[in-house]
Amino acid sequence: MSALTPAPALDLLKGTLDLLMLKALSWGPAHGYSMARWIERLTADAFQIGEGSLYPALHRLEEREWIESEWRVSENNRRAKFYRLTSRGRQQLRAETANWTSFVEAMGKVLRTTEQPN
Amino acid sequence: MPEPGGWRRYLRFWQSNIREDVDDELRFHLDMHERDLRAAGRAHGVAREEAERRFGELQQVREACIAIDTRRRELVRRREVMGDMWQDLRFALRTLRKSPGFTLVAVICIGLGVGVTTTILSAVHGILIRPLPYPKAEELVAVYARWTHSGTIENGVNISYQDYLSWRNDNRTFATLGMYTWEALAFSGEGEPERVDAASITANLFPLLGVTPILGRNLLPEEEHQGKSSVVLLGYRLWKRRYGGDPSIVGRTVTVAGAPLQVIGVMPQGFAFPDRGEAWIPFVVEEHIESRGNRQFAGAIGRLKPGTTLEQGQRDLDVISKRLQQEFPRENLGWDAQAMTLREDLVGDLRRPLLIFLGGVGFLLLIVCANVANLMLTRGAGRQREIGVRVAIGAARGRLVRQLLTESLVLAGLGGVLGLGLAVVGIRLFGLAMPNGLPWYIPLRLDGATLAITLGLSALTGILFGLVPAFRNTDINLTGALREGTGGSGEGARRARLRSSLVVAEVALSLVLMIGAGLLLKSYRAYTHTNIGFDPKGVLTFRVSPPEAKYPHSEQRIVFFNQLMERLRALPGVEQAGGANGIPFSGWNVQAEMTVEGHPEHPQGEPLDVHYQAVIPGFFKTLGIPIVAGRDLSPLDRDTANRVGVINETLAKQEFPGEDPLGKRIKIGRLADKEPWVTVVGVVRDFRHYRLPQPMGPAIYYPYYQWASYTQTIVLKTSGLPANLLPGVVRVIKSIDPDLPTYQVQSLEQAVNRSLWRPRMQGQVIGLFAVLALVLASVGIYGVVSYAVAQRTRELGVRMALGASRGQVVGMVVRQGALLAVIGVGAGLAGAFALTRVLATLLFGVEVTDATVFVGIPVLLGVVAVAASWLPALRAARIDPLVAMRAE
């Protein structure tokens, strides 16, 4: 973890993490470890967070009933807790994705602009 | 909603251990990561270290997860409990829907019980318990005169002004005493003239009661004196009705009894005094009321000093009365004061019937309870197998009890709703039973207290009848329950005995109620079949009072009534016409001590009290009362120097045994009094005048034209409907004096009928209880016998296969029902003999052990019992032996 990472980014990160996990589960049930690997692979470790933070986030999502969990046997024959999206979670994912996209577009537009504030 | 299962099943994770699960999950992550890192070539120790480093604050994550999961577990647990309740409720509704017959009967039973109980409790609460609507009403006392002589006591007699003054000034227990007397005042000017119930009151009366005008002021003591007394207080409704609620009414002058009176105030909404009075004028001390022996004023009302009891007040008044008897033996010998709580005075005579209703409703409620218990037990027995199966496959006992309890509570709730509806109707009917509706001081309504009682009752019945069978039904021997149907187990026999005793109890209780009702109804019949001695059919009655202000001289009143009668007789449809001060059953009760010329004077203290009144000739003819000797009064009897009168048979027999009363002379008062002598010119047949059962005593009737009082009740005979005469009557009176109201318009039949409201209501209420009891008891018998038939299907089948005829089977089943009825009737008769004695004072013309009732009612109940067992018996007879034996 780099000491240069600015602290305010963490707040942003929290909502982002939720969205990332909803997205990760949109392909089907998965356990936390595989989600951590998926995020690492896709973001090239851009967030640099402790992987452990995934778990409180997952449990919170479960509390909100956006995801549900089930103990199953994993690919290497161990008992693992699998999560999957509920229909409410799926709805949430759609809504958040739309929000995020429009946010990014708006931000991008602002940052790319050449117009100067008067 | 999809079946719970698959993923959702894990919502119920609260059976698992949260800590272990979190640890397992996190360890799995670290283990997997370590494995992958090693596979990627890290060294053994380094791989684990890197996994842990990448993971971050393990302990923090762990605690956070545990906290979230604990919170979520609580939430889920709460939801599950609610879900269970909802599930129990839906389950209960589903099972109840599956047996609509049982549900309907149970709900109706509970509803009837709750409805009738709430009605009677509301009445008892409203009439006997809730304080009268006055501040500190418990301190208020009504004071009357009491006549005690040689063993006879006459309570609640009117009082004299002088006695009132003595009581008021000499007592030490009352804060103050006030006095009132009844009036009826004619309001005229602006709009239709109308006659309203009113009272003249002493100035201290309303302050003593604690009522204050909403406009203006109360009366002042100086207004009790002549010359300053031209003021009137208005009741709220009169003010609204007649003066449109004019806010500036105070100070206005209105025409009352033909005289101008100044309005000094308006009393609050709802207040009336006494009874229905809605206008009040000062009680004015005139010369003629100064006599101590003149007991013509309605009564006194006092407020006891705080902390003083009624008994202390009574003793205080007794001391004063005793002194007065010594001081004024002529006026006061035999007279003392009678104090009673104001409530007792107003509603005391309703206490006994109400307590009897309360007892009756208690019986009814017991019958309802027995019936519902019976239904529940029968149903429980029927479901024993179902419950056995559920216990066998692992249903928790607590959960089962909760389900059965929910079912009972649902039944009780439905019954409670029905009962509430019935109570609303019942309370309204109760109000209608009283003539003129309920007086203002009995605000009979379904209030918070009775509502709480209703809900409590239905919940109690539910819990009682749910819990007992619920425990019994779940506490069952599994193998026995599963084998149920092979019949004859000890458990089944015990239940059957319990059910039979419940039915016997129901029959016994019903019989007591039915006998009570039989006696009361027979008593009411005796009232209505009493020979009242006159024919009330087709007679219209109404009162007219030419006011003193406008008709001060008797000649004027004679002219008025002469003209009135002439024009009334000329109306089409009028066959006979007459009048009297007070018609029969109107409550008119004026008596005086009288003396017969030539007879020894009655000894002091044993006076000859005679009912007397002035009648407009034609009165006896109109009512169809025959003259048995001499002549009727005539419109020509006008000479006040030669007064005449007609006496009734009782007076003739009592005072003139073996003598011809015609030509004899009688006068009011004693020989020395300066009252005029009246010559007897005729004897009229006795007729009932007072409310039954009070008999008519000696009476004398004077011709109106020699005793021209102010008020007369006119009676008109027609062959059509009495009400049809009314428009003509109103026209005639208007044509003579447009300011004169016609009031108390009713047919004589109505008046007679109305006076019987009490025995009628008693008969109706207990009669209704009895009918309900009979229906409930027959439902009980029907239920038990049907159940027994269902249980014995196999046995009956075998019997029929072995040659028993259908008739024999029917007989066997009916015998069972009849046996229950006979035992119940036996117990009920014993109870009835013991209990109906409390009815003795309410009965008229029937003994408490009336043979017809005590034989007829049990026979009726027996017939109904046999009929109730007949239906299941017919079903038993239709059993096909082959099918029956193959059953199970």
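The term pLDDT denotes the predictor's confidence in each residue, on a scale from 0 to 100. This matters here, as the model is predicted. For chain B the mean pLDDT is 86, with 93% of its residues at 70 or more. Two stretches of chain B fall under 50. One is residues 1–14, for which the model has 11 contacts beyond four places in sequence. The other is residues 484–488, with 7 such contacts. The model as a whole has an ipTM of 0.88 and a pTM of 0.73.

## Overall form of chain B

Chain B contains 24 helices and 24 strands. Its C-alpha trace spans about 145 × 85 × 60 Å along the principal axes. The radius of gyration of chain B is 40 Å, whereas a compact globule of 888 residues would have one near 29 Å. Of these 888 residues, 39% count as buried. Among contacts in chain B between residues at least 6 apart in sequence, 83% join residues at least 24 apart.

Chain B is divided into domain 1 (6–92), domain 2 (137–347) and domain 3 (551–736). Between domain 2 and domain 3 of chain B, the C-alpha centres are 30 Å apart.

## The contact between the chains

Chain B gives 21 residues to the contact and chain A gives 19 residues. On the side of chain B that touches chain A, helix H1 (18–39), helix H2 (44–55) and helix H3 (58–98) of chain B each supply at least two residues. H3(B) provides the largest share of that side, 8 residues. By type, the residues of the side of chain B that touches chain A comprise 11 nonpolar, 3 polar and 7 charged.

## Strand pairing in chain B

Strands of a sheet pair through backbone hydrogen bonds, either parallel or antiparallel. Both senses occur among the pairs of chain B listed below.

| Strand pair | Sense | Bridges | Opposite residues |
|---|---|---|---|
| E4(B) (174–188) and E8(B) (253–256) | antiparallel | 2 | B:Ser188 and B:Thr255 |
| E7(B) (231–234) and E9(B) | parallel | 4 | B:Val232 and B:Val263 |

E8(B) and E9(B) form a hairpin with 2 residues between them, and B:Ala257 in the turn has a positive phi of about 50 degrees.

In chain A, 3 strands make an open sheet with antiparallel pairing, in the order E1-E3-E2. Strand E1 (30–31) and strand E2 (67–73) of chain A are at the edges and have a single partner strand each, so one side of each lacks a neighbour in the sheet. E2(A) and strand E3 (residues 79–85) of chain A run antiparallel and are joined by 7 bridges. Within this pair, A:Val73 has A:Arg79 in E3(A) as its bridge partner.

The loop between E2 and E3 of chain A holds A:Asn77. A:Asn77 is not a glycine, yet its phi is positive, about 65 degrees. A:Asn77 counts as exposed because it has 7 C-beta neighbours inside 10 Å, and the cut-off for that class is 12 or fewer.

## Individual residues of chain B

Most residues other than glycine have a negative phi, and most peptide bonds are trans. B:Phe585 has a positive phi, near 65 degrees, and is placed in the loop between strand E15 (576–580) and strand E16 (591–596) of chain B. B:Phe585 counts as buried because it has 21 C-beta neighbours inside 10 Å.

Two cis peptide bonds may also be noted.

- The bond from B:Phe273 to B:Pro274 is cis, with omega near -25 degrees; B:Pro274 is in the loop between E9 and E10 of chain B.
- The bond joining B:Leu692 and B:Pro693 is cis, with omega about 5 degrees; B:Pro693 is in the loop between strand E21 (678–684) and strand E22 (699–703) of chain B.

Helix H10 (residues 342–392) of chain B contains B:Arg351. B:Arg351 counts as partly exposed because it has 14 C-beta neighbours inside 10 Å. B:Arg351 and B:Phe769 are 418 residues apart along the chain, and their C-alpha atoms are separated by 19 Å.

Terms used: Residues are numbered from 1 along each chain as its sequence is written. Chains are lettered from A and ligands numbered from 1 in the order in which they are written. This is a predicted model: local features need pLDDT of at least 70, side-chain atom pairs count only at pLDDT 80 or more; totals for chains, interfaces and linings use all residues. Ala, Val, Leu, Ile, Met, Phe, Trp, Tyr, Cys and Pro count as nonpolar, Asp, Glu, Lys and Arg as charged, and the others, Gly among them, as polar. Two strands pair if DSSP finds at least two bridges between them. The radius of gyration is taken over C-alpha atoms; the globule rule is 2.2 Å times the number of residues to the power 0.38. A residue is buried if 20 or more other C-beta atoms lie within 10 Å of its own, exposed if 12 or fewer, and partly exposed in between; C-beta atoms are placed from the backbone. Domain bounds come from an automatic or database domain assignment.
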